[in-house]
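Biologist: I am new to this protein and would like a walk through its model. Could you show it first?

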Amino acid sequence: MLRVATYNVRGLKDDRRALARVIRALRPDVLCLQEVPRLPARRHGRPVFSRAVPVSLAALARAAGLSVAAGGRLNGTAVLTSPAVRLLRGEGRRLRWFTGLERRAVAVAVVEKGRDRYAVCSVHLDLLAGARLSHAAEIVPILEGAAREFGAAPVLAGDLNEPPGAPVWRFLGARYADCFAAAPDAGGSRTATGAAPGGGTFPARDPRVRIDAVFAGPGLTVLSCGGADVPSGDLTAASDHRPVVAEIASGRHAGRRVGLGIATSATERAPFPLRSVP
């Protein structure tokens, strides 16, 4: 069984002690992060270093008992791993850039736990619908290519910046299982202090929408999916998002049947013209 979590940490701009406590409470084998800073925090133009408070991605990982496995220097996504898994590969990949929009990247880590291998991808999609869908169509082959190379099962997690039922959710749902929909608040998460009704993840103080998710690929069974079992005060202090954690295992797929056919190019269905910059 693998515990995969995803968390948008808002650039470590909030209470970093609370953030470290939340991450430790998640007990992840693999943690996908979004909005991670590429450089240590700065004050008056100078880097800030502290033994007590994590001020960089590496420091946050150490405070949570994890290691940086992938990403961190490419546009804000990263994957951290615990000592319970063996890292086979970690890399960051830039995505196609659209003029006037923020540059995006993914972080992919291939890990092994026991006899099972997983390719885990951390994503943070754009605020504009057309770019989100185009990047989702670009990410799937990256993830599945890594999975095929290592004989691993694909897992995608991150901040989709849209609610269930929107185009990216439908696109990914045709291939993978939405873990929360497959096993909402099961496995003990039902009583978690940080659980929100309907699995809401944003905003942290009043999570009305579910825009953060974990998706499990074919061949995986979703055992549980929910929030962090921590005081709500830590959740609201740590970030403007709430985390999601899922327990998955190899075996017969427990969610909706997943097809692997690639749909029509997402850019053809974008609601506005996108100009790609190589």
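Biologist: What should I know about the model and its numbering?

Modeller: This is a predicted model, in which local features need pLDDT of at least 70 and side-chain atom pairs count only at pLDDT 80 or more, while totals for chains, interfaces and linings use all residues. Residues are numbered from 1 along each chain as its sequence is written, and side-chain values use heavy atoms, leaving out hydrogens and water.

Biologist: How many helices and strands does the protein have?

Modeller: The protein has six helices and 16 strands. These are DSSP runs numbered from the N terminus, with helices (H or I) of at least four residues and strands (E) of at least two.

Biologist: And what share of the residues is buried?

Modeller: Of the 278 residues, 56% are buried. Buried means under 20% relative accessible area, exposed means over 50%, and partly exposed lies in between, with a 1.4 Å probe and protein chains only.

Biologist: Tell me about helix H3. Where does it run, and how many of its residues are buried?

Modeller: Helix H3 covers residues 129-150 and reaches 32 Å from its first C-alpha to its last, close to the 32 Å expected at 1.5 Å a residue. That expected span is 1.5 Å times one less than the number of residues. H3 is mostly covered, with 16 of its 22 residues buried. Just after H3, Gly-151 has a positive phi of about 60°.

Biologist: Which residues have the most contacts inside the largest nonpolar core?

Modeller: They are Ile-139, Leu-160, Leu-172 and Phe-215, in a core of 28 residues. H3 gives the most to this core, with nine residues. A nonpolar core is a set of buried Ala, Val, Leu, Ile, Met, Phe, Trp, Tyr and Cys residues joined through side-chain atoms within 4.5 Å.

Biologist: What does Leu-172 contact, neighbours within four places aside?

Modeller: Leu-172 is in contact with Val-140, Leu-156, Leu-160 and Phe-215; contact means heavy atoms within 4.5 Å.

Biologist: New topic: is Asp-234 buried or exposed?

Modeller: Asp-234 counts as buried because its relative accessibility is 14%. Asp-234 lies in helix H6, residues 232-238, and beyond four places in sequence it touches Ala-18, Arg-21 and Val-22.

Biologist: And where is Pro-203?

Modeller: Pro-203 is in the loop between helix H5 (179-182) and strand E13 (212-216). At 22% relative accessibility, Pro-203 counts as partly exposed. Its C-alpha is separated by 5.5 Å from that of His-241, 38 residues apart along the chain.
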